[in-house]
Amino acid sequence: IAKQDIQRFKKSVYHIEPSCKPMVCFGKIVQFQTQFKPRCDHKKCVRVLLVELQGLFGVPQLTTKEGFYCLTEKCIQKADSLVTEALSTSRSRKMVEIFDELSDTLCQVADLAEFIRFAHPTVSYSSAAEHTSLAISRLVEKLNTNIKLYEALKGAVCCNDSLPTSEVDNLVGKLFLFDFEQCGIHLSEQKRNQVVELNNKILCAGQQFLNGISNPKIVSRSALPEAVRDVFSSDGDKIVISGLYADSSNPLVREMAYKIFLYPDQNQEYLLNELLNSRNELAKVCGFGTYSERALRGSILNEPRNVMELLEVVSEDIKAKAQFDFFDMSMIKQSENPSTGPLAVWDVPYFTQKAKKERFQVCPKEYSPYFSLGACMEGLNMIFMALYGISLVNSEIACGETWSKDVYKLSVIHESEGLLGYIYCDFYERNFKPNQDCHFTIRGGKVLSDGSYQLPIVVLMLNFSLPRWSNPTLLSPNMVDNLFHEMGHAMHSMLARTRYQHVSGTRCSTDFAEVPSILMEYFASDSRVIKLFAKHFQTKEPMPEKMLQKLCASKRLFTASETQLQIFYAALDQNYHGFHPLEESTTNILALTQNKFYGLPYVPNTTWQLRFSHLVGYGAKYYSYLVSRALAYLIWQTYFKADPLSRIQGEKYRMECLAHGGGKHPSDLISDYLKVTPTSQTLAKALNNEIENDQYYVAQVTKELHI
């Protein structure tokens, strides 16, 4: 019951003896265990549980779904007040402080609502959250067209604020101004309206494209060879193919699934063209030559030509290494069945996994007993304590604070600084839960007006099986990598101590945002680290050294061909977002790009690009994964390879890298921390060196273990 009703509940139902005291304080469970005297004369022993409801994430308004409407109205009122302050000639705060509070006001509601819309299992809650998301989106659109607000900001940024500003103030102010101008606020009224219209077209085309990505293909049974008809789902005389069946041991099944599932789709092709053309038109209206040029401004590589230079240099450097990977896979295929033909694109996932299982005996079922969720969390806690002096403490959750009973909350506590923030862990499978691993920022950190710090709040969402009576939740090696990856994002949010929430934690350049998470994968792949926490859940015995070596080697197998695939994806993304009109259809561009950058040829009459969801979320920025991976490798090699648990290097990484969030230009941050300039050539060399080291490591383990 709500706190305000507790006293009324006491008075109307029970007379409570003065000697009766709650066992636990308000805000948790208030439990009385004593003799009560009801107002009638009956005497009996009763137990009363009074539970104070708290809202989602501790937000008081969200004890019910109706609270979203209250939260929305409160946000709108506060935003109006901050706009009035920004436009006032007698304001007493820096313009950047007002804008950051405005941004924080909007983000705290929008980010929370968007997460609840995405994750809450109750439809009425997710619908109310969606209503709030749309309302805040409309408010943001209104603010983005407020010319007086833009001119006030521009005056403060370009002509000096009326109050003294620091270097960080100036950088964040420029970021706000850049975001404003990305929306075309500096253009004529006609062009501003055009920008709004184009953004709506991009949003609609992108959403519809995503909706169609997973649509199955339905074909007549007679269209398939008789030998594989019963493998796929069927509906009468129709066969339903809903994926690539990449893990099937039958080569004909893999081939048929690939060719049919990726068969051209006119509607998807139309939506992709709408998306690309609208993005190009938006870039032109805003004064850019291409959409890629617009998307890359302010990033590490900054310009499309630098991205293409990186992709082309790495592609040439690793071509022979990738061909060696494909030759290796071809030999496995021939040994399995000499009559099945040459290696094809639909074979790569299957033979990659087959090589790991057979060559290194890495079977998830054999490794999972050493990776209980509890052991992995202890491992993360140990790493973070060693590097940063912080611990992850499981904290009590108030009634109504979470969206599912399986969610738990971690307090991130520094040994001397105290509480740094909260991580809500939504780790377990449940009906209708989105099947993706991701990190959500619910509230960014920032310095408040009284000098205290607004603690960041994040959610980590993964999909592990629930513990059973016979054993705890056990993770596969791949799940361990995902857990460490997402926790890397969380630590970026927790350890960034930025003055402004607009640049807090992961709110930084896209090609730097993945660095902390990929770096954590190196910890999850280092035998010295793994052996500290990987213990059998029953015997508590550590993972045998031979198993450990095989696991680490399997993670480094075929990295050249995998990198080549990522280069192909990134190059395709750049080609689609380059100069328009496109010289060819998106399918012809796919074929040309694949044949140039990937070691296996394009399969005629397939349209893989129509299933490529990252074209929506990472338009012109898919290359970011490669840049982040190169930087994470350089950080690992420079500072952590010698001693993965060095407190000195952990503190240096925290203070010089994580603490800045997006409050320092990523190129300057990397140059100061790594003492190298992150050029295309530098990054390409790092990627090539990593592949060479991986191949050497695999060869050494193979030799030592006589595989």
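Biologist: Let's start with K78: is K78 buried, partly exposed or exposed?
Modeller: This is a predicted model, and in it K78 has a relative accessibility of 39%, so K78 counts as partly exposed.
Biologist: Which residue does K78 form a salt bridge with?
Modeller: That would be E101, and the closest N and O atoms of the two are 3.4 Å apart. The pair links distant parts of the chain, with K78 in helix α2 and E101 in helix α3, 23 residues apart.
Biologist: And E101, buried or exposed?
Modeller: E101 counts as buried, at 19% relative accessibility; the cut-off for buried is under 20%.
Biologist: Nice. Which residues are linked with K78 in a network of salt bridges?
Modeller: The network joins K78 and E101 with E85 and R93.
Biologist: What about D481, what does D481 pair with?
Modeller: D481 forms a salt bridge with K555, with 2.8 Å between the closest N and O atoms. Here the partners come from distant parts of the chain: D481 is in helix α15 and K555 in helix α19, 74 residues apart. D481 is buried, with a relative accessible area of 15%.
Biologist: Switching to pockets: how much space lies in the second largest pocket?
Modeller: About 740 Å³. There are 28 lining residues, and our friend K78 is among the closest to the centre, along with D104, T105, Q108 and Q454.
Biologist: Which element gives the most to that lining?
Modeller: Helix α3 does, with 8 residues. Others that supply at least two include α2, β10 and β11. Domain 1 and domain 2 each contribute at least three residues.
Biologist: How does the lining divide into nonpolar, polar and charged?
Modeller: You get 12 nonpolar, 6 polar and 10 charged residues.
Biologist: Last topic, cysteines. How many disulfides does the structure hold?
Modeller: The count is 0. Take C158: its closest cysteine sulfur, in C159, is 6.0 Å away, so the two are too far apart for a bond. C657 is in no disulfide either, with the sulfur of C508 nearest at 9.5 Å. C657 is also buried, at 1% relative accessible area.
Biologist: Great, thanks!

Definitions and conventions:
Residues numbered from 1 in each chain as written. Predicted model: local features only at pLDDT ≥ 70, side-chain atom pairs only at ≥ 80, totals over all residues. Heavy atoms only, no water. Disulfide = S-S within 2.5 Å. Buried < 20%, exposed > 50% of the residue type's maximum accessible area, 1.4 Å probe, protein only. 1 Å grid on protein atoms, 1.4 Å probe; cavity = no way out; pocket = protein on both sides within 12 Å on 5 of 7 lines; lining within 4 Å. Points joined across faces, edges and corners; volume = space filled by probe spheres on them. Helix = DSSP H or I, 4+ residues; strand = E, 2+ residues; numbered from the N terminus. Nonpolar A, V, L, I, M, F, W, Y, C, P; charged D, E, K, R; others polar. Domains from an automatic or database assignment. Salt bridge = Lys/Arg side-chain N within 4 Å of Asp/Glu carboxyl O.
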